[in-house]
Amino acid sequence: MAQSTHPELRALQNELRAIFDAMANFGAARLATKPPILDSSIDVSGSSTDEFHSHQDAVHGLRALRDAVRRDLDVLDKFLHHPQNDSGPSLSTNAPYLIAVWNEVLHAPPPIVTIWHTFPEGSQPISIPRRGSRKPPGVKIDVVADGGKRWIRVNTTKNSRLLAEFREIDSYVTDSEDEFSDDDARPSLAQKEFDNSILRMGRSLLDAAQRNPLASTGEVPYITLRLTRLDPSSPDPKEQDPRIGHTIQLLREMGIDVELGERDTSAAPHITAGPPRRLEPTIRINLDLSILIALVSDITHSSLPSSPADADARYIPSEQYREWKRKRLEASRRTDEDIDESKLWQNGIGKHSRALANQALQEMARGLLHELRDRLAAISPSLQGVEFWTTPEARDRCLRIVLSKIGGPNEKRRASALFLSPGTSPLEAEAAYWQNSRYPPGFLPLVPTRVYDGSIPPADMSPPDQTEKGRTLSPFFTLLARTCRDILAQDAVPPSNSMPAVFPSVPPAPASEQRAGAIELKDAAGGDDEIERAAVTKANPRLTAHTVQSMLWGAARGWTTLTANKSSVKAILRDIRAAEGGYGWVRESQIGAGGAGEVGAAMAETAALWVVDPRSLAEGMRSDFREPDPDSPVPGAE
C-alpha cells in the first residue's frame with residue numbers, strides 16, 4: 001500500500017485519530033457546567049458512590065461528537081486500506097467539519113454547556129424529546145460555551161460553493177432581462193435584495209439567540225460564526241468575487257462575530273482545574289415523599305446490626321408474615337396450581353429481604369440522621385433556624401402509606417408525630433417521634449415538619465438571587481423551577497385505582513407513589529389494603545406529579561430539596577438538559593460570594609438537590625416482628 005496516495009486523506013486520518021484519543025480524557029476537565037447536587041449516597045462497602053458527580057464532569061454532547069469522529073475514522077481506515085482505491089478518486093469525508101468543531105471546543109471560553117445542540121425554530125415550543133420520536137427542525141449550534149453566553153457555529157462552505165450560488169442568482173437576473181422585459185411579464189426569480197445561504201444562516205442564528213436568552217440574566221447569547229474554508233482574498237482568480245467579502249461584511253453588521261480560516265491548533269489553551277467545589281445545603285430543607293418515608297423507617301431508628309450476617313438475619317420475615325403472604329397469593333390465583341415456595345422466596349419475600357438488609361448495611365456505614373445533622377451543623381452549629389418543609393401531597397401520601405398495614409407500630413407513631421396530628425402538643429409529638437429510637441430526643445429539629453399552603457408555589461414566585469447568607473444561587477434553581485412548571489402544566493396521568501384515606505384527619509389527595517425503597521408497596525403491605533398508585537406526568541412517565549411538585553417548591557424557594565429518589569433526580573436532569581441545553585452556570589468568583597476563602601480552597605456553593613440512600617418501611621419485615629393487638633390504638637394517631 002503506497003503511503004503517498006491520497007496524502008490529504010491520510011493527514012485527516014491521523015488528525016482524527018489524535019482527536020479521538022484526546023476526547024477520552026477531555027471529559028475529566030472542569031469545563032462543563034455541573035448541576036449543584038449534593039450526593040451523600042454510599043455503596044454497601046461504605047464508600048461514596050459519586051454517582052452524580054461522575055457523569056456531570058463530562059461535557060454534554062461530547063459522546064456524540066466522539067462517535068461521529070469514530071465513524072468517519074472507520075470509513076477512512078477502510079478506504080485507505082484497500083489498494084484498489086489508491087488510483088481512484090478521493091473520498092468525500094466530514095472530517096474537516098469534525099476537526100473544526102473539536103478545535104472550537106478546545107478554544108471555547110469555559111464552561112462549555114453542550115456540544116451539538118439544536119434550538120427550536122421560530123415560535124416552535126421547546127419540547128422534551130422522547131425515545132424514537134422525530135427531532136423537530138431547528139437551528140444547530142456546534143458549541144454552547146461561556147455558560148451559555150456564546151454560541152459557536154462552524155461552517156465549511158468553500159468559495160466554489162458560494163460562487164455557484166452567485167452564478168445561479170446571476171442566471172435569474174439574465175433570464176429576467178432577456179425574456180420578460182415587457183410590462184406583462186411573469187414574476188421574476190431575481191433577487192430584490194442581496195442574499196445567500198450564509199446570510200440566511202446568520203439570520204436564523206440571531207433569531208434563535210433572541211428566542212433563547214439565558215435563564216439566569218435574560219442576556220441574549222453572542223454568536224460566533226467560524227467560516228473555515230471561505231476566503232474573501234483567495235489568490236486563485238477563479239475563486240474571487242467581491243460578493244464573498246460583502247457577505248462577511250453584512251454578517252458582521254448584523255452583530256455576528258465572524259472568524260475566518262482554521263484554528264491554530266498549536267495555540268490551544270492549557271486546560272487547568274478550577275478550585276475544588278464544596279456543596280452545602282440551605283438552612284431550610286425541602287423534603288419529598290421518599291425522604292419522609294426514610295425519616296420514619298425502622299432502619300433509620302433501630303439499633304444497628306452487629307454484622308452483615310446480622311443484617312441478613314434481621315430481615316428474614318417471620319412465619320406470621322410468610323403465612324400471610326402465602327394466603328394472599330392463594331386468594332389471588334386463577335388456577336388450582338400449587339404455589340412454588342422457592343420462587344416465592346427468590347422473587348418475592350427474599351428479594352425484599354435482601355434489599356432491606358442492604359439498606360441496613362448502608363445505615364451501618366453512615367447513619368441517615370447523622371449525615372443530615374453533620375451537614376446542617378456545618379452551616380448552623382447549634383442547628384438554630386433549621387427547618388424542614390414538605391408539600392401537602394407528600395404529607396398525605398406518607399400518612400396513607402405508613403398508617404395502613406404497611407408501617408409497623410413504631411413507624412406509624414413517628415409518622416403521626418412528624419406532622420403534629422390534632423390534639424397532640426409539640427412536646428408530646430417530639431417524645432413520640434424519638435421513642436424507641438437509637439437517637440436522643442431533639443437530635444434533629446424534625447418535629448414538627450412544616451407543610452406548604454398549596455400543591456405548587458404561586459406563579460409569580462421565582463428563585464431568589466441569593467440565599468439568606470448572601471451567597472449567589474446557581475441559575476440551576478431557575479432552570480429546575482421552570483422545567484418543573486412546564487412538566488406540571490401538561491397535566492398528570494391519573495392512577496388506575498384509588499383508595500380512601502387511611503387516616504380520617506387526612507383529606508383525599510392526588511395519587512402519588514414513592515419509589516424510595518426497594519420494596520413495592522403492594523408486596524410489603526401487611527393486609528389487603530392497596531395503596532393508590534402514582535399519578536405520573538405526561539411529559540415524563542418516569543416522574544410522578546408529587547415528586548415534581550416537591551422539586552418545584554424547593555427550587556422556587558431557593559431551598560435545598562432532600563430526596564432518596566435517585567431515579568427521579570436523573571430523570572429531571574435529562575429533562576432540564578433537553579429543554580435548556582445545560583444546567584446554567586455561576587462563575588466561581590460568584591459561587592464563593594458570601595464566604596471568604598484562601599486561594600485554591602474549596603469554594604462553597606448552595607446545593608439545589610441533596611441525594612441520600614433510601615430507607616424503606618421495614619418494621620413489619622423483621623424476623624422478630626409480632627403483629628400487635630388490633631384493638632390497641634396507635635400512639636399519637638388518635
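Student: Which residues does N410 touch, not counting residues up to four places away in sequence?

Tutor: N410 touches Q435, N436 and E619, where contact means heavy atoms within 4.5 Å. Please note that this is a predicted model, in which local features need pLDDT of at least 70 and side-chain atom pairs count only at pLDDT 80 or more, while totals for chains, interfaces and linings use all residues. Residues are numbered from 1 along each chain as its sequence is written, and side-chain values use heavy atoms, with hydrogens and water left out.

Student: Is N410 buried or exposed?

Tutor: N410 counts as buried because its relative accessibility is 15%. The term buried means under 20% relative accessible area, exposed means over 50%, and partly exposed lies in between (1.4 Å probe, protein chains only).

Student: And which helix is N410 in?

Tutor: N410 lies in helix α15, residues 409-418. Helices (H or I, at least four residues) and strands (E, at least two) are DSSP runs, numbered from the N terminus.

Student: Why is α15 largely enclosed by the rest of the structure?

Tutor: It is largely enclosed because nine of its 10 residues are buried. Among them are K412, R413 and R414. The buried residues of α15 pack against α8 (289-296), α9 (298-301), α14 (392-406) and α16 (426-434). Just after α15, L420 takes a positive phi of about 50 degrees.

Student: Where else is there a positive phi in a residue other than glycine?

Tutor: W116 has a positive phi of about 60 degrees, and phi of L383 is near 65 degrees. Most residues other than glycine have a negative phi, and most peptide bonds are trans. W116 lies in strand β2 (residues 114-120) and is partly exposed, with a relative accessible area of 22%. L383 is in the loop between α13 (368-377) and β9 (387-390), and L383 counts as buried at 9% relative accessibility.

Student: Which peptide bond is cis, then?

Tutor: The one from V447 to P448, with omega near -5 degrees. P448 lies in the loop between α16 and β10 (450-451).

Student: Changing topic: how many cavities does a search of the whole structure find?

Tutor: The search finds three cavities of 30 Å³ or more. On a 1 Å grid over the protein atoms alone, a cavity is a set of points where a 1.4 Å probe fits but cannot get out, and lining residues have an atom within 4 Å of a point. Grid points are joined across faces, edges and corners, and a volume is the space filled by probe spheres set on the points.

Student: What lines the second largest cavity?

Tutor: That cavity holds about 80 Å³ of space, and its lining includes S40, Q362, R366, E371 and D613. The lining residues divide into three nonpolar, three polar and four charged. Ala, Val, Leu, Ile, Met, Phe, Trp, Tyr, Cys and Pro count as nonpolar, Asp, Glu, Lys and Arg as charged, and the others, Gly among them, as polar.

Student: Where is Q362 found?

Tutor: Q362 is found in helix α12 (residues 341-365) and is buried, with a relative accessible area of 11%. Q362 and I299 are 63 residues apart in sequence and 9.7 Å apart in space, C-alpha to C-alpha.

Student: One more residue: what is T93 in contact with, leaving aside its neighbours within four places in sequence?

Tutor: T93 is in contact with L9, L12, D72 and L76, and its side chain makes a polar contact of 2.6 Å with the side chain of D72. T93 is found in the loop between α3 (62-81) and α4 (95-107), and counts as partly exposed at 23% relative accessibility.

Student: How many helices and strands does the protein chain have?

Tutor: The protein chain has 21 helices and 15 strands, and 48% of its 638 residues count as buried.

Methods:
On a 1 Å grid over the protein atoms alone, a cavity is a set of points where a 1.4 Å probe fits but cannot get out, and a pocket is an open set with protein on both sides within 12 Å along at least five of seven lines; lining residues have an atom within 4 Å of a point. A polar contact is a pair of N or O atoms within 3.5 Å; within protein, one must be able to donate a hydrogen and the other to accept it, and residues adjacent in sequence count only if both atoms are side-chain atoms.
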